[in-house]
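Please look through the sequence and the structure shown below before reading on. The report is written for someone who meets them here for the first time.

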Amino acid sequence: MKIPEIFEFIRVDERLPHILCPGCGIGSAMNAMVRAIIESGLKNDDVCVVSGIGCSSRIPGYIDADTFHTLHGRAIPSATGVKLAHPELEVIVIAGDGDLLAIGGNHFIHAARRNLDMTVILINNFNYGMTGGQASPTTPQGKYAKTAPYGWTERNFDACAIAQASGAVFVARSTTYHVTHLRTLIKQAIKKKGFALVEVISQCPTLYGRLNRMGDAVKMLEYFRDNTISISQIKDPKEAEGKIVIGVLHDVEAPEYYETYKEIIRRAQAQKHHV
Amino acid sequence: MKTIVKSLLAPRKYFMQGNIACAEGALAAGCRYYAGYPITPSSEIMEHMSIRLPEVGGVFMQMEDEIASICSMIGASWAGAKVMTATSGPGFSLMLEGIGYAVMTETPCVIVDVQRAGPATGQATKPAQGDVMQARWGAHGDHRIIALSPWSVQEMYDLTIKAFNFSEKYRVPTILLADEVVAHLKESFVVKPEIEIYNRDKTLTETPFGTQEEDGVPPMPCFGQGAQLLVTGSTHNEYGIRKVADPDVQERLVTRLCKKIDNHKKDICLTERYFTDNAEYLFVAYGISARSSYAVVSELRESQINAGLLRYITIWPFDEETLKECALEAKVIFVPEMNQGQLVLEIMRILPHQKVIPIPKTRGEAIYPSDIIKVFRKYHE
């Protein structure tokens, strides 16, 4: 029997079975990520997968590469140090919406501004799964969560818009229904030199889905199928109203941080300061 | 691995500010990654690193806050670099979660805390020694760190190198607990031709998070070395695999994190004694307070008063044995500190049957010899 290629990147020893709930979307996102890594021609020793705390942040523990499970919200600054001290490593951050956008929100915008080469995969399931389904910065107004028993009063972040406004050079979105599409986007993000964000709209049937009566995982995936629109198909902005816009939302060129810093090193070494 | 290297600066006498000497000490020790956030009175360290690190091929990062600074430094350490950050009280408070993570993941890193008068914003430009207990106990959970306290520009240089060496050797965050006085003091110091440095053991191992001994320090392969590391701040076994529900794993890990420091006190604890043999009046001090105490003790000795000074260079872990030895004949033990009495609590705990007198000063000024003499006179007939 041929062992699927993705197992070369998965720790099958003591780590399985995994902790994800039945029907969770995080496994699909991980699958797409691993395949994107393999299709990018990367080997186990080339990659460092970094995360914070939360359901999505448990993914690195299953990956057979260097993995860095850091503090809640701190995946991006931790990844920043890894990349700068070892620039040849392909650094991939995987994070949930609470981790990346609430406690880690400041790091997120500043990393995008800095444009250090890294790929950030945001798994957005609209709530804090690990702690039991509390509202997050992406919970839409009016939706229910464990800390929003009367409906969430706050407005939600659009992580892609924030990343773009902060200076990210590549911003894309897909869903856990569109797994092939998602894989292609992650591959593009890995290839891109600079700060790249891929937002994955994902289902949490155990908490967010249940609290909002969205049905089981299949029903939620069907919702993603029926309520998405590809950015390339939008002719009139009205067509996108109430829909999840997927595809490459933003793709520009800008100087990458370490490339610029290498020039600083060259200049500093040419005109040595003396103490 | 201990090794002797040539000093980065040409060996000679220099006239420098403490903060600059600290940055030069870090570079000499091999620091090649610095991440920080501006804060008085430590900013000169950061500014100097921004000039000097690119010259030696290292990376300087100004991060968005102190939390990001310490986390990126921890990341760089795992990618193989020797790393440092510097801050002061408010920033040090923010760094505590990172310090706890560095303890748990056994990440070598150096944190310079140039203490200023607090609490909160306090007196940003004024000295204090108010972070002594925070350095020791600030991060949550049972843990150990190492903290060193410099009293001169020479030691801002020397002890920064030592801090790197301890940190690399024991895989533990090491804090240089300076204060505004030594940080902004300008005086001459000597750079020797060679220094002793310690580079961490990067041997590729299956078990980078455990040893057979209960007080051992495992080798630390870094990212990109082919170790396929599992680094986590959650409770983990010797392989790095999360074992958060296993009481034995938790006990073994936390015990080792503490014992690898406690059982190596002989190597880590640095003290200096001045006239402590048979001293009737013992002064116990550290940092700039020790310098004032030294002036006091010298003056008292000239007046034939049997006074001595025990200076703590390593504050944490605390050297109990040396204190007991020096206090054998002491009628009164004075502990001058630029706080309301912090390290004195440790001394009272260790010497419950002796007269221990705190000399606190929290006016945002250095503690002067006259402050100490005034209290001493009350106890000297």
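This is a predicted model: local features need pLDDT of at least 70, side-chain atom pairs count only at pLDDT 80 or more; totals for chains, interfaces and linings use all residues.

## Where chain B meets chain A

The contact between the two chains draws 50 residues from chain B and 41 residues from chain A. Together chain B and chain A bury about 3,600 Å², and 59% of this area lies on carbon and sulfur atoms. In chain B, the residues that lose the most area to chain A are E55(B), E64(B) and Q228(B), which together account for 19% of what that side buries.

Polar links also cross this interface: the count is 15 residue pairs in polar contact, both residues of each pair being at pLDDT 80 or more. Several elements of chain B each supply at least two residues of the side that touches chain A, namely α2 (43–55), β4 (59–62), α3 (66–78), α4 (89–105) and β12 (230–232). The largest share of that side comes from α3(B), with 8 residues. Sorted by class, the side of chain B that touches chain A holds 26 nonpolar, 15 polar and 9 charged residues.

The rule finds 2 salt bridges across the interface of chain B and chain A, and one of the salt bridges listed in the table below joins R74(A) to E97(B). The two chains are also linked through strands, for β2 of chain A (residues 66–69) pairs with β12(B) in the parallel sense over 3 bridges. Within this pairing, H69(A) stands opposite T232(B), a residue of β12(B).

## Two domains within chain B

The domain assignment of chain B gives domain 1, covering 2–198, and domain 2, covering 272–380. The C-alpha centres of these two domains of chain B lie 26 Å apart, and the contact takes 27 residues from domain 1 and 25 residues from domain 2.

Between them, domain 1 and domain 2 of chain B bury about 2,000 Å², with 59% of it on carbon and sulfur atoms. Of the area that domain 1 buries against domain 2, Q129(B), M133(B) and W151(B) supply 38%, more than any other three residues.

Across this domain interface of chain B the rule finds 2 salt bridges, and one of the salt bridges in the table joins E155(B) to R311(B). The rule also finds 15 residue pairs in polar contact there, both residues at pLDDT 80 or more. On the side of domain 1 that touches domain 2, the elements that give two or more residues are β7 (123–127), α5 (132–137), β8 (146–148), α6 (153–170), β9 (173–179) and α7 (180–184) of chain B. By class, that side of domain 1 has 16 nonpolar, 5 polar and 6 charged residues.

| Salt bridge | N to O distance |
|---|---|
| R74(A) and E97(B) | 2.5 Å |
| E155(B) and R311(B) | 2.6 Å |

## Backbone details in chain B

A cis peptide bond, with omega at about 0 degrees, joins T40(B) and P41(B), and P41(B) has its place in the loop between β3 (31–36) and α2 of chain B.

Q304(B), which is not a glycine either, has a positive phi of about 65 degrees and is found in the loop between α10 (287–302) and β15 (307–312) of chain B.

Technical notes
Residues are numbered from 1 along each chain as its sequence is written. Chains are lettered from A and ligands numbered from 1 in the order in which they are written. Side-chain values use heavy atoms; hydrogens and water are left out. Contact means heavy atoms within 4.5 Å. Buried area is the accessible area (1.4 Å probe) that two parts lose on being put together, summed over both. A salt bridge is a side-chain nitrogen of Lys or Arg within 4 Å of a carboxyl oxygen of Asp or Glu. A polar contact is a pair of N or O atoms within 3.5 Å; within protein, one must be able to donate a hydrogen and the other to accept it, and residues adjacent in sequence count only if both atoms are side-chain atoms. Helices (H or I, at least four residues) and strands (E, at least two) are DSSP runs, numbered from the N terminus. Ala, Val, Leu, Ile, Met, Phe, Trp, Tyr, Cys and Pro count as nonpolar, Asp, Glu, Lys and Arg as charged, and the others, Gly among them, as polar. Two strands pair if DSSP finds at least two bridges between them. Domain bounds come from an automatic or database domain assignment.
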